[in-house]
Amino acid sequence: MRKLMKFMACMLVPLFLFPSIVLAEAQGTIPGPSNHAQSAALIDVTSGRILYSKDGDKELRIASLTKIMTAIVAIEHGKLDDKVKVTSTAFAKEGSSIYLKLGEEMTLENMLYGLMLRSGNDAASAIAEHVGGSEEGFVLLMNKKAEQIGLTHSHFMNPHGLDADGHYSTANDLARLTAYALKNPVFKRIVATENKSAPNPNESWQYSWQNKNKMLRLYEGADGVKTGYTKKAFRCLVSSATRNGQQLAAVTLNDGDDWNDHAHMLDFGFENFPLVEIAKKEQPVQNTDVVTGRGFTYPLAKSETASLTKKLILLDKRAQKGSEGDAKSTDPSFGLAGRIDMHLDGKLVGSIPVYRKGSYIPPEPKTEDATLGGIGEISTWASAWRAVLSHLLSP
């Protein structure tokens, strides 16, 4: 209890921490992009900030956009060089197919290409049976992953997206799922591929797949993600693009003009919500003996820059030394001194660690190590901070 009281007595330092960022005056409210979708969303991949939403929490059928979840679960739970065997359940699956033969074996990696480029329902079932032991077992993994990511309006009944009662998601949830998946380098590589060849053990010719996602050829900087269609879901699309180091992902459900609408949505995001550098790594914090542990960027409209505030929270030095003044510290391997919380209109949007000057600062995590926690939290930093809290509050 004594340690808890000391921790709660941490220092709160006023917010004049970094040199101000000078931007143009606000242009007023930004009108969202027009589109023909029943539901739509646009997300900044790095931060996880949803930049635009149209009925984004409306639960709808999602067709083969389901395969985004199928792919990331398979990548995280399977081995890419495993041989996946086509069973009678996967063979001749209805709908889109890569025409696998009964008993055929293909590496999981190649099957993932067939899944994402050609939307093979046969590949989806084969992958699910291999990774999950059965389709039902794999679906459990899909729903568990949805819960872990925080998809509160999604439920999966199969790995391919054929219409089924109880199988649904939303534009906002799919945007969050896509942002999560794009942080995985294998997923990112597969969905950005325009053409792929794979060995065919039954024929003299190789499989040759062209990505159905026309955005890869129509939009500058496009690098993913997935098309979808059923007679009940209608046209569905998730696309992504990267410009000037910023990656955005757009989602539309039931949209008869999705190629054009996605171009307009992505243009809207890049033009109106560019990444703004709020802090640099190892930047001194004014009037303190600490420096930032990593940089921080966030997508901001010009009219929002004045609403972004920063608060420095330092650990109480007595708590860092332990309750009896011994050599016990919050984390003996790091000089972690606290954190800076970033708020936009009063809402927490990010947090970065600060370290005592001259102490060891761990390297920034790679993009693929990031997790999507709703505020762009980074797993390495989050783990370090949880360790500090655990140490401080231990009995």
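How many of the residues of strand S2 (residues 39-44) are buried? Select S2 and you will find that six of its six residues are buried, so defined because each has under 20% relative accessible area with a 1.4 Å probe and protein chains only, whereas exposed means over 50% and partly exposed lies in between. Strands (E, at least two residues) and helices (H or I, at least four residues) are DSSP runs, numbered from the N terminus.

Before going on, keep in mind that this is a predicted model, in which local features need pLDDT of at least 70, side-chain atom pairs count only at pLDDT 80 or more, and totals for chains, interfaces and linings use all residues. Residues are numbered from 1 along each chain as its sequence is written, and side-chain values use heavy atoms, with hydrogens and water left out.

Ile 43 has Ala 249 as its bridge partner in S10, and in strand S3 (residues 50-54) Ile 43 stands opposite Ile 50. S2 and S3 are also antiparallel, with four bridges, and in their hairpin, which has five residues between the strands, Gly 48 takes a positive phi near 80°.

**Gln 247**

Stay in S10 and select Gln 247, which counts as buried because its relative accessibility is 8%. The side chain of Gln 247 makes a polar contact of 3.3 Å with that of Asp 223; a polar contact is a pair of N or O atoms within 3.5 Å, and within protein one must be able to donate a hydrogen and the other to accept it, while residues adjacent in sequence count only if both atoms are side-chain atoms. Leaving aside neighbours within four places in sequence, Gln 247 is in contact (heavy atoms within 4.5 Å) with residues including Ile 43, Asp 44 and Leu 182.

**Helix H9**

Now select helix H9 (residues 258-272), whose 15 residues reach 21 Å from the first C-alpha to the last, close to the 21 Å expected, a span defined as 1.5 Å times one less than the number of residues. Among the buried residues of H9 are Trp 259, Leu 266 and Phe 270, and the buried residues of this helix pack against S2, S3, helix H8 (215-218), strand S8 (222-230), strand S9 (234-243) and S10.

**Strand S16**

Move on to strand S16 (residues 347-356), which is largely enclosed by the rest of the structure because seven of its 10 residues are buried. Strand S15 (residues 336-344) pairs with S16 in the antiparallel sense over eight bridges, with Asp 341 opposite Ser 351. Two residues lie between S15 and S16 in their hairpin, and Asp 345 in the turn has a positive phi of about 50°.

**Where to read with care**

Finally, colour the chain by pLDDT, the predictor's confidence in each residue from 0 to 100. The chain averages a pLDDT of 85, and 80% of the residues score at least 70, but pLDDT stays under 50 over residues 318-333 and also over residues 388-395. Where pLDDT is low, the predicted coordinates should not be read in detail.

How values were computed. Two strands pair if DSSP finds at least two bridges between them.
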